[in-house]
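Morning, everyone. Please look at the sheet on the screen, and let's walk through its strands.

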Amino acid sequence: MKSAGLLGPYRLSVDVIDRTVTGNSPGGFALGYVDANGRFCLSRVGRADSNLAGGLRAFIGTDLMFKFRLFDTAEQAFLKECELFHAFNPPNNRSHPARTPGTRWTCPHCVTFARTW
């Protein structure tokens, strides 16, 4: 697998999330599992515009493992999610990452949110 620039993998559970994802920051993540050869197999990417730990808790039970990275801003988390989406084409993401309502963020990898001004 290409490098995702994320920390982990970690087990997707409340205790591990609480221990590893500290603070109340925006962040990007990848969910998946580790195969028999020790490789992380990515199944979904996502982000939280604030409180990544809370965002990850919502996915407990859907996958076994997670990787993550915290950011200073929600826009940085959006850009990471777009990067991961385009680089890995995760099977459990059916559509391009959405931008936060009220923002004019654009994806640097496609024209999904092309600037019109």
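Tyr 10 sits opposite Phe 66, which lies in S4. Strands here are DSSP runs of E, at least two residues, and helices are runs of H or I, at least four, numbered from the N terminus. This is a predicted model: local features need pLDDT of at least 70, side-chain atom pairs need 80 or more, and totals for chains, interfaces and linings use all residues. Residues count from 1 along each chain as its sequence is written, and side-chain values use heavy atoms, without hydrogens or water.

S1 and S4 (residues 65-70) pair antiparallel over three bridges. Pairing takes at least two DSSP bridges between two strands.

Now S2. Six bridges join S2 to S4, again antiparallel. Leu 31 has Phe 66 in S4 as its bridge partner.

What order do the four strands take in the open sheet? The order is S1-S4-S2-S3, with antiparallel pairing. S1 (7-11) and S3 (40-48) are at the edges with a single partner strand each, so one side of each has no neighbour in the sheet.

Last, the helix. H3 (residues 74-88) packs on the sheet and touches S2 (27-34) and S3. Touching means heavy atoms within 4.5 Å. The direction of H3 makes about 150 degrees with that of S3. Such angles run from 0 to 180 degrees between N-to-C directions, with axes fitted to C-alpha atoms, for helices over the stretch in contact.
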